[in-house]
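Hello,

Here is the structure we talked about, handed over for you to look at. My notes follow below it.

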Amino acid sequence: MKKVSMLLLCTLLFITGCVQDSNDEEVLQNDDTKEETSIVPSYQLSDENYRMILPYKTSAARGVIGNQIANRVDIDEMEEGLRRLSKEVFDPEELYFQEGQYLTSDMIYTWIDELNPKVKEGADEETYQENPRYLSHILEQNYMRHNEDQSVGLAGISLGIAMKSVYRFQTEVGGPYFYKDIPKDEMLSQANEIAHSILQEIRQMEGLGDVPIMIGIYQEEEQASPVPGNFVAKANVPGGSTSIDDWESVNEENILFPSDEGREKYYDDHEIVSSFGNEIAKFFPNYVGLMGEGFYIDEELQKLTIEIPIEFYGKAEVLGFTQYAYGLVQDMFPNYYDLEVNIKTSQQMESLIYRNAGDESPTVHVYD
């Protein structure tokens, strides 16, 4: 397996080197103050992934999302989910991805403060309950077009607006935390007003008056949730428009397995994951349980990710366990969705079993 891994790595490096040497194009990219020479990659990893302009530009609001969204799984899902929704509007075969370059950290912090209800310092619990902070973050992504004159220009913007499902607060520093559940309809009503306000601000920014904008509303999960929230609504705003005429529901969800919610909503998938865990427990005494996360669109499973924490006492155990789990995956899980099984100890990842939707057999990687 080590030899296979090294071969794959060398092959990838060789391909990457060839692409950069012979096929990439240098282009001029304009910003507000200067022209910069950038590299437009000729190849993409797959038809579903955006190519990225090099050198890679980090976001103008880098780091803000980590300060504003407490749950790491929500951060990852919001970023990936916004790119996923963007593919329906901004074609990955024609356009290039770039992190947001227009909304700065100061702008986002200011908008978050202005667009949330104000509560005076020293207010009581009831006042906080009646005035929750709905808005957590505003995420910007840019989609670029390679023009015929060898320049790169902005073709569209995607905005993700992160809204809380649970408001967590203190009435005094060092005091206990209180919680308020925010109903989805209340959250959506507030998100609509917030989105309109942000759109008005963006349309007044230089160069953004006529750019198409896709807006997605992301509903966070509570801070301690092992699975992320999801996008619940989206809207496309044509270039030049200053209003959002209609919202479209987004039917996505991330489900924890095993769980009461998983059993109730997706019984068959819940039973497969539970049976998988039971089969592992029969033969490996160090097994303590697993956690599965199912990602659904329109109630159809798209990807199932399973994490198996287990302690090993040597590489032979890792190989034996991985081989056994591989056989169970082959026998128990249908292949109409992506599947990823991560086997890890408390110190590190040990092995990975994955299978893309439609593949007959999984692929295995054992880490050094």
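**What I found**

Of the contacts in the protein with a separation of 6 or more, 62% are between residues 24 or more positions apart. Keep in mind that this is a predicted model.

First, the overall picture. The protein has nine helices and 17 strands. It has 368 residues, and 42% of them are buried. The accessible surface is about 19600 Å². Carbon and sulfur atoms hold 47% of that surface.

Next, helix α6. It runs over residues 184-203, 20 residues in total. From first C-alpha to last it reaches 28 Å, close to the 28 Å expected at 1.5 Å a residue. Its buried residues are Met187, Ala191, Ile194, Ala195, Ile198, Leu199, Ile202 and Arg203. Viewed down the axis of α6, they fall within an arc of 160 degrees, so they line one face of the helix.

Is serine 136 buried or exposed? Its relative accessible area is 1%, and under 20% counts as buried, so serine 136 is buried. Its side chain makes a polar contact of 3.1 Å with the side chain of lysine 164. Leaving out residues up to four places away in sequence, serine 136 touches Gln68, Ile69, Ile112, Ala162, Lys164 and Glu220.

Best wishes

Note on methods. Residues are numbered from 1 along each chain as its sequence is written. This is a predicted model: local features need pLDDT of at least 70, side-chain atom pairs count only at pLDDT 80 or more; totals for chains, interfaces and linings use all residues. Side-chain values use heavy atoms; hydrogens and water are left out. Helices (H or I, at least four residues) and strands (E, at least two) are DSSP runs, numbered from the N terminus. Buried means under 20% relative accessible area, exposed over 50%, partly exposed in between (1.4 Å probe, protein chains only). Contact means heavy atoms within 4.5 Å. Accessible areas come from the Shrake-Rupley method with a 1.4 Å probe; for residues, only the protein chains shown count as cover. The expected span of a helix is 1.5 Å times one less than its number of residues. The arc is that of the directions from the helix axis to the C-beta atoms. A polar contact is a pair of N or O atoms within 3.5 Å; within protein, one must be able to donate a hydrogen and the other to accept it, and residues adjacent in sequence count only if both atoms are side-chain atoms.
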